[in-house]
Amino acid sequence: MAFVLRGSARALQAAAHHITPRSMSSVAAGKWQIVGSACITRPPVVCPPMTPLEQQYSEMITAIEEENSLKSDHEIRAEQDRINLEIMKTGEADELDLEEASKQTAIEFEDSCLEELKSFKTTHLDKVNPEVKDVKSINRALERSLVLVVKQKLGTSEEWVFPHTPWQPGETLRQVFFYKCQVRNKDGPITPGTNIVDHQWLTQDELDTRFKQSYAKSISKFLVSDR
């Protein structure tokens with residue numbers, strides 16, 4: 001796996017293998033196994049759109065900052081332009097630096113900026129990212145957290161689970177169960193192991209469509225919603 005992960009050594013081992021190294025015959029025979037699973041997440045890459053409450057708060061903070069702030073160079077320049085215009089109207093232009101006054105005014109600068117802004121078109125990330133609908137891509141849903149899930153052969157069935165590996169003799173129970181990892185850098189594809197049928201990068205909302213109810217209930221205890 002060509003990702004740089006941050007997490008416990010045990011979790012990274014499970015993430016790197018993506019399979020249970022032992023034979024699955026014990027599962028097929030109905031025997032219980034203790035396993036360590038890696039919850040591998042890719043954090044949001046961009047900020048999500050603000051909620052109405054967040055937008056209202058942002059506008060309030062902006063208004064307070066503007067009210068308490070000092071005048072910018074542009075505002076001072078606009079005031080000087082207005083003074084120069086009044087002086088020119090009175091015919092006392094001798095008191096002005098005509099070369100300086102003939103340059104682009106603050107109002108003209110604002111108008112040119114507005115024209116440039118009108119030509120700028122925003123595009124939603126979903127429309128410019130061709131991988132947005134590919135659930136195998138780690139580059140989808142950039143404003144959300146993604147979790148890696150694998151469809152793994154468990155005995156005679158195939159189940160969607162987190163990447164995991166069974167308990168090994170000599171390990172303590174503190175070294176198994178669920179561990180959280182985070183993708184820090186991504187520069188290559190996932191290479192599934194022999195027991196892996198499929199893999200997907202899903203948002204937390206999509207996990208319930210893959211996991212069994214009992215499994216989903218277990219992981220819901222440590223997953224923090226990104227909404």
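The points below are grouped by topic.

This is a predicted model, in which local features need pLDDT of at least 70 and side-chain atom pairs count only at pLDDT 80 or more, whereas totals for chains, interfaces and linings use all residues. Residues are numbered from 1 along each chain as its sequence is written, and side-chain values use heavy atoms, with hydrogens and water left out.

**Cysteines**

- The whole structure contains zero disulfides, a disulfide being a pair of cysteine sulfur atoms within 2.5 Å.
- For cysteine 181, the closest cysteine sulfur belongs to cysteine 39 and lies 8.0 Å away, which is too far for a bond.
- Cysteine 181 is buried, at 3% relative accessible area, where buried means under 20%, exposed over 50% and partly exposed in between (1.4 Å probe, protein chains only).
- Cysteine 47 is exposed, with a relative accessibility of 73%.

**Packing of α4 and α6**

- Helix α4 (residues 73-89) packs on helix α6 (residues 106-118) at an angle of about 130 degrees, and their axes are 8 Å apart.
- Helices here are DSSP runs (H or I, at least four residues), strands are runs of E (at least two), and both are numbered from the N terminus.
- Axes are lines fitted to C-alpha atoms, for helices over the stretch in contact, with angles running from 0 to 180 degrees between N-to-C directions.
- The orientation of α4 and α6 is therefore oblique, the class left after roughly parallel (under 35 degrees), roughly antiparallel (over 145) and roughly perpendicular (65 to 115).
- On the α4 side, His74, Arg77, Ala78 and Asp81 meet Ala106, Phe109 and Glu110 of α6, contact meaning heavy atoms within 4.5 Å.
- The residues of this contact comprise three nonpolar, one polar and three charged, with Ala, Val, Leu, Ile, Met, Phe, Trp, Tyr, Cys and Pro counted as nonpolar, Asp, Glu, Lys and Arg as charged, and the others, Gly among them, as polar.

**Salt bridges**

- The whole structure holds six salt bridges, each a side-chain nitrogen of Lys or Arg within 4 Å of a carboxyl oxygen of Asp or Glu.
- Lysine 71 pairs with glutamate 79, their closest N and O atoms being 2.4 Å apart; glutamate 79 is partly exposed at 29%.
- Aspartate 198 and lysine 136 form a salt bridge with an N to O distance of 2.0 Å.
- That pair links distant parts of the chain, 62 residues apart: aspartate 198 is in strand β7 (residues 196-202) and lysine 136 in the loop between α7 (125-128) and β3 (146-154).
- Arginine 140 and glutamate 206 form a salt bridge at 3.0 Å, N to O.
- Arginine 140 lies in the loop between α7 and β3, and glutamate 206 in helix α8 (residues 204-207), 66 residues apart.
- Arginine 140 is buried at 7%, whereas glutamate 206 is partly exposed at 23%.
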